[in-house]
Amino acid sequence: MAEKENSKQDGGDNTLFSPYKMGKFNLSHRIVLAPMTRCRALNGVPNAALGDYYSQRSTQGGFLIAEGTAISPTAAGFPHVPGIYSEEQVEAWRNVVDVVHAKGSLFFCQLWHVGRASHTVYQPGGAAPISSTGKPVSARSRVLMPDGSYVVYPEPRALNTSEIPEIVEDYRQSAINAIRAGFDGIEIHSAHGYLIDQFLKDGINDRTDEYGGSIANRCRFLMQVVQAVVSAVGAERVAVRISPAIDHLDAMDSDPIGLGLAVVERLNNFQKELGRKLTYLHVTQPRFTAHGQTESGRPGTDVEEAKFMRTLRNAYQGTFMSSGGFTKKLGMKAVAEGDADLVSYGRLFIANPDLVRRFKLDAPLNKYNRATFYTHDPVIGYTDYPFLSEATENFEVAISRL
């Protein structure tokens, strides 16, 4: 594969700390901040706290992906998540982007619509959330309410065929807005049981129109979004995230590897026809959730997971990013063995704003506090995790030289 050759052009001894050329962008290392919902954008508008948070995690030549960002008033399913559909939001994001760029990092915006993974309280006029289906998320999952409580998901409303182009247009306009805000590019969130994934997975999609049934039909919505966004901002600024084997929010598919390969094939063909490549494909590996199940070809063991990811990685013709439960050791192994060009980190980056430095020095890591992941405090559990002190850093450097 062309990109795999690219990743080995410096002799093949790649690590998380090797530079990488991702399309037109030059990265100084392979450690990426994964997009993570943090619920700190009060009333959907980014604020100074977001600037502090992302600036803390920025490094010269690094790469950050912003949290899931709502593409329309119907897109949110958590309290206080940012949007990118109003002029106020665009202007507010510009301030955040500016501080990230000032630290020398690349910054992408993840475009997000949660679909049925929402509640009437987050919908205009208290309407039902929209989806590919009228089936709700099962009672084994709960939706976070504005008051901090959790309740069962309500029944969604299946989109009419005629309404789908309107949603595609929301993605297109949001991509334009993100570039106007100064983002270097966008990532289309097509994973983790949210709207596009609700079309992709046969365990959710029960449609009988041209968006349901066959894999080709279930991939149609995603590819229409990709085509619309690329036409608006250019392939070199567009990435896609998928999670074929992840069952989060009941996002099950009877043939996850077949679905993953079908998406990859369509992205490859699109890139070939376009004569240009997307920025990257971002795939969440199965260990992201509990993975003891192996029925219907679903990966279960570490060996099965590695084979699953390698199959997609070898099939995709472009930069491949992997995420889901990586440690430094596992990330180093994935890059060294060519299983990923880039590795994104979530929870470890929440607790360690200087994660790249800590990894380089093999320094101890802060432990994250899950209880503060989705609170709204602008500091606690957000920007108050300590950096490696100069004394500790000097000690670690001295130890590494012994």
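**Aromatic pairs and helix packing**

Phe-373 counts as buried because its relative accessibility is 6%, the limits being under 20% relative accessible area for buried, over 50% for exposed and the range in between for partly exposed, with a 1.4 Å probe and protein chains only. Tyr-374, at a relative accessible area of 34%, is therefore partly exposed. The model is predicted, so that local features require pLDDT of at least 70 and side-chain atom pairs pLDDT 80 or more, whereas totals for chains, interfaces and linings use all residues. Residues are numbered from 1 along each chain as its sequence is written, and side-chain values rest on heavy atoms, with hydrogens and water left out.

The protein chain as a whole contains 13 helices and 14 strands, taken as DSSP runs (H or I of at least four residues for helices, E of at least two for strands) numbered from the N terminus. Of its 402 residues, 57% count as buried. Among the contacts between residues at least 6 apart in sequence, 73% join residues at least 24 apart; contact here means heavy atoms within 4.5 Å.

The aromatic residues come next. The structure holds 20 aromatic pairs, in which ring centres lie within 6.5 Å (planes under 30 degrees apart are stacked, over 60 edge-to-face, the rest tilted; for Trp the six-membered ring is used). One of these pairs is edge-to-face and joins Trp-93 to Phe-107, with 6.5 Å from centre to centre and 75 degrees between the planes. It connects distant parts of the chain: Trp-93 belongs to helix α3 (residues 87-102) and Phe-107 to strand β5 (residues 106-112), 14 residues apart. Trp-93 counts as buried because its relative accessibility is 0%, and Phe-107 is likewise counted as buried, at 0%. Phe-373 and Tyr-374 form an edge-to-face pair too, with centres 6.3 Å apart and planes at 80 degrees. Through ring pairs, Trp-93 and Phe-107 also belong to a cluster with Tyr-53, Tyr-54, Phe-183 and Tyr-382.

Helix α2 (residues 48-56) packs against α3 at an angle of about 25 degrees, with the axes 9 Å apart. The two helices are therefore roughly parallel, a term for angles under 35 degrees. On the α2 side the contact comprises Leu-50, Gly-51, Tyr-54 and Ser-55, and on the α3 side Trp-93, Val-96, Val-99 and Val-100. By class, six of these residues are nonpolar, two are polar and none is charged.

A further set of contacts involves helix α7. Helix α7 (residues 220-233) packs with helix α8 (residues 256-274) at about 30 degrees, their axes 11 Å apart. This angle is why α7 is described as roughly parallel to α8. Leu-222, Met-223, Val-226, Gln-227 and Val-230 of α7 meet Val-263, Arg-266, Leu-267, Phe-270 and Leu-274 of α8. This contact consists of eight nonpolar residues, one polar and one charged.

Helix α7 also packs with helix α4 (residues 164-180), at an angle of about 35 degrees and with the axes 9 Å apart. From α4, Ile-164, Ile-167, Val-168, Tyr-171, Arg-172, Ala-175, Ile-176 and Ile-179 take part, meeting Phe-221, Gln-224, Val-225, Ala-228, Val-229, Ala-232 and Val-233 of α7. The classes in this contact are 13 nonpolar, one polar and one charged, where Ala, Val, Leu, Ile, Met, Phe, Trp, Tyr, Cys and Pro count as nonpolar, Asp, Glu, Lys and Arg as charged, and the others, Gly among them, as polar.

Conventions:
Axes are lines fitted to C-alpha atoms, for helices over the stretch in contact, and angles run from 0 to 180 degrees between N-to-C directions. Angles under 35 degrees count as roughly parallel, over 145 as roughly antiparallel, 65 to 115 as roughly perpendicular and the rest as oblique.
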